[in-house]
Amino acid sequence: MFAEEWFASEWDWPTGWRDAGGSSDYILELSAAQLSKLGKELFDVIERYRAMDPGPDSARVVLYTFALPQ
């Protein structure tokens, strides 16, 4: 589901899904080495969740990450 679709239909979802979904943005001051480490840590967390059994009340979730120097 794309962000526009979510915002147009979020009130059609149960409260638990509305509370769990969302978006964020952050501005960080990092070195290239720190950004590389952050990316690896995020990748490791995402892969850990990808390996989990999704459970009976699961839905497909789209997760976007961007880490670009400005």
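This is a predicted model: local features need pLDDT of at least 70, side-chain atom pairs count only at pLDDT 80 or more; totals for chains, interfaces and linings use all residues.
1. **The largest pocket.** The volume of the largest pocket is about 2,300 Å³. Helix H1 (3–9), helix H2 (15–20) and helix H3 (32–50) are the elements that each give two or more residues to the lining of this pocket.

2. **Residues of the lining.** In total, 46 residues line the largest pocket. Nearest its centre lie Gly 22, Val 62, Leu 63, Tyr 64 and Thr 65. Helix H3 supplies eleven residues, the largest share of the lining.

3. Sorted by class, the lining of the largest pocket holds 30 nonpolar residues, nine polar residues and seven charged residues.

4. **A nonpolar surface patch.** Five residues, Phe 2, Val 62, Tyr 64, Phe 66 and Leu 68, form a nonpolar patch on the surface. Together they have about 620 Å² of accessible area.

5. **Leu 68 in detail.** Is Leu 68 buried or exposed? Leu 68 counts as exposed because its relative accessibility is 66%, and the cut-off for that class is over 50%. Leu 68 and Leu 35 are 33 residues apart along the chain, and their C-alpha atoms are separated by 9.1 Å.

6. **The salt bridge of Asp 44 and Lys 40.** The model has two salt bridges. In one of them, the side chains of Asp 44 and Lys 40 meet, with 2.8 Å from N to O. Both residues lie in helix H3, four residues apart, which is about one turn of the helix. Asp 44 counts as partly exposed because its relative accessibility is 34%. Lys 40, with a relative accessible area of 53%, is therefore exposed.

7. **The salt bridge of Glu 47 and Arg 50.** The side chains of Glu 47 and Arg 50 also meet in a salt bridge, with 2.9 Å from N to O. Glu 47 and Arg 50 are both in helix H3, three residues apart, again about one turn of the helix. At 27% relative accessibility, Glu 47 counts as partly exposed, whereas Arg 50, at 61%, counts as exposed.

8. **Trp 6.** Trp 6 belongs to helix H1. Why does Trp 6 count as buried? Its relative accessible area is 14%, and buried means under 20%. From C-alpha to C-alpha, Trp 6 and Gly 21 are 8.9 Å apart in space, while 15 residues separate them in sequence.

9. **Ser 23.** The loop between H2 and H3 contains Ser 23. Ser 23 counts as exposed, at 60% relative accessibility. Along the chain, Ser 23 and Pro 56 are 33 residues apart, and 24 Å separates their C-alpha atoms.

Conventions:
Residues are numbered from 1 along each chain as its sequence is written. Side-chain values use heavy atoms; hydrogens and water are left out. On a 1 Å grid over the protein atoms alone, a cavity is a set of points where a 1.4 Å probe fits but cannot get out, and a pocket is an open set with protein on both sides within 12 Å along at least five of seven lines; lining residues have an atom within 4 Å of a point. Grid points are joined across faces, edges and corners, and a volume is the space filled by probe spheres set on the points. Ala, Val, Leu, Ile, Met, Phe, Trp, Tyr, Cys and Pro count as nonpolar, Asp, Glu, Lys and Arg as charged, and the others, Gly among them, as polar. Buried means under 20% relative accessible area, exposed over 50%, partly exposed in between (1.4 Å probe, protein chains only). Patches are made of residues with over 30% relative accessible area and no salt bridge: like charges are joined within 9 Å, nonpolar side chains (Val, Leu, Ile, Met, Phe, Trp, Tyr) within 5 Å. Accessible areas come from the Shrake-Rupley method with a 1.4 Å probe; for residues, only the protein chains shown count as cover. A salt bridge is a side-chain nitrogen of Lys or Arg within 4 Å of a carboxyl oxygen of Asp or Glu.
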